[in-house]
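Have the viewer open as you read.

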Amino acid sequence: MPELPEVETYVQELAPLLRGRQVLEAAVTWPRTIALPDAENFVAQMAGQRFADFSRRGKYMLLGLESGLTLIVHLRMTGHLLVVADDVAVAVHTHVVMRLDNRQKLLFQDARKFGRLWLVADPAPILAELGPEPFAADFNLDYLAARLHGRSAPIKALLLDQSLVAGVGNIYADEALFRAGIHPQRAAGSLDAAEIATLHAAIQEVLMLGIAKAGSSLGGSSLQNYSRPGGAPGGFQEEFKVFRRTNQPCPQCGAPITRIVVAQRGTHFCPHCQPSA
Ligand SMILES: [Zn+2]
């Protein structure tokens with residue numbers, strides 16, 4: 001699933017491709033892709049819209065339109081946005097096509113069909129459940145300590161909770177916990193102040209590295225989790241220290257990386273560098 005670095009890459013790379021461009025017409029071939037309004041009204045309202053500004057909140061992409069409306073995109077498992085020439089044949093799993101005023105088109109492709117688009121006047125209700133952004137001032141040590149205090153849930157599960165910190169998912173949670181030397185199943189409330197500080201820094205570090213490498217691309221072909229708006233893969237998968245490296249040597253100590261399931265998610269860690277207590 002695309003996480004903060006992948007969505008941030010989209011925002012940065014879509015902006016120069018779409019800013020000022022007008023949508024001549026939109027078509028939706030899988031109506032459930034459109035969360036709000038319904039597909040018919042989405043098609044009617046998108047025609048004539050012009051892209052103005054580009055931002056991100058957690059894993060949500062916010063494409064601001066000159067009309068004041070916002071097109072919100074959540075890629076979920078396998079959603080992709082692509083900008084291609086108008087005469088490029090539309091591939092399978094393309095659920096939304098927006099023809100632009102520059103002989104290009106914006107495509108939403110999604111093999112697993114969990115991705116969603118919203119066209120709304122006010123994005124706030126859709127984003128209401130999100131906690132602080134990981135680089136914002138309100139995601140600080142006091143905040144993190146207060147949120148972890150007394151919690152018996154595994155720290156990995158809390159890192160995946162978008163109300164704790166917005167944008168972290170399975171990849172970056174595993175990579176952050178490894179860098180912090182914290183076992184993913186540790187009770188969140190058992191972390192001491194030094195561990196919380198190390199984890200806080202590690203979360204920011206892995207997300208920053210992920211953005212610098214234009215995100216992580218996993219899997220192959222149409223089930224690939226993520227590719228950049230021009231179709232190229234990201235590069236952070238080359239930097240993984242534990243994620244999907246089961247039985248490969250830990251880059252720090254050489255012990256085999258172990259895979260367990262935490263919060264129903266495949267979880268990768270080094271049993272030596274991340275002791276359970
Ligand atoms: Zn190790």
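Which residue in S5 does Leu-62 stand opposite? Its counterpart there is Ile-72. Keep in mind that this is a predicted model.

Zoom out and you'll find S4 and S5 in an open sheet of five strands, ordered S2-S9-S5-S4-S3, with mixed pairing. Strands S2 and S3 sit at the edges with a single partner strand each, so one side of each has no neighbour in the sheet. From one strand to the next, the twist averages 25°.

Here are the strands mentioned so far, with their residue ranges:

| Strand | Residues |
|---|---|
| S2 | 34-36 |
| S3 | 51-57 |

Now for the helix. H1 (residues 4-18) lies across S3 and S4, and runs at about 175° to S3.

The protein splits into domain 1 (4-127) and domain 2 (141-269), and their C-alpha centres are 28 Å apart. Contacts between them involve 21 residues of domain 1 and 20 residues of domain 2. On the side of domain 1 that touches domain 2, the elements giving two or more residues are H1 and strand S6 (79-85). H1 supplies the largest share of that side, with nine residues.

Methods
Residues numbered from 1 in each chain as written. Predicted model: local features only at pLDDT ≥ 70, side-chain atom pairs only at ≥ 80, totals over all residues. Pairing = 2+ DSSP bridges. Helix = DSSP H or I, 4+ residues; strand = E, 2+ residues; numbered from the N terminus. Axes fitted to C-alpha atoms, helices over the stretch in contact; angles between N-to-C directions. Contact = placed C-beta atoms within 7 Å. Domains from an automatic or database assignment.
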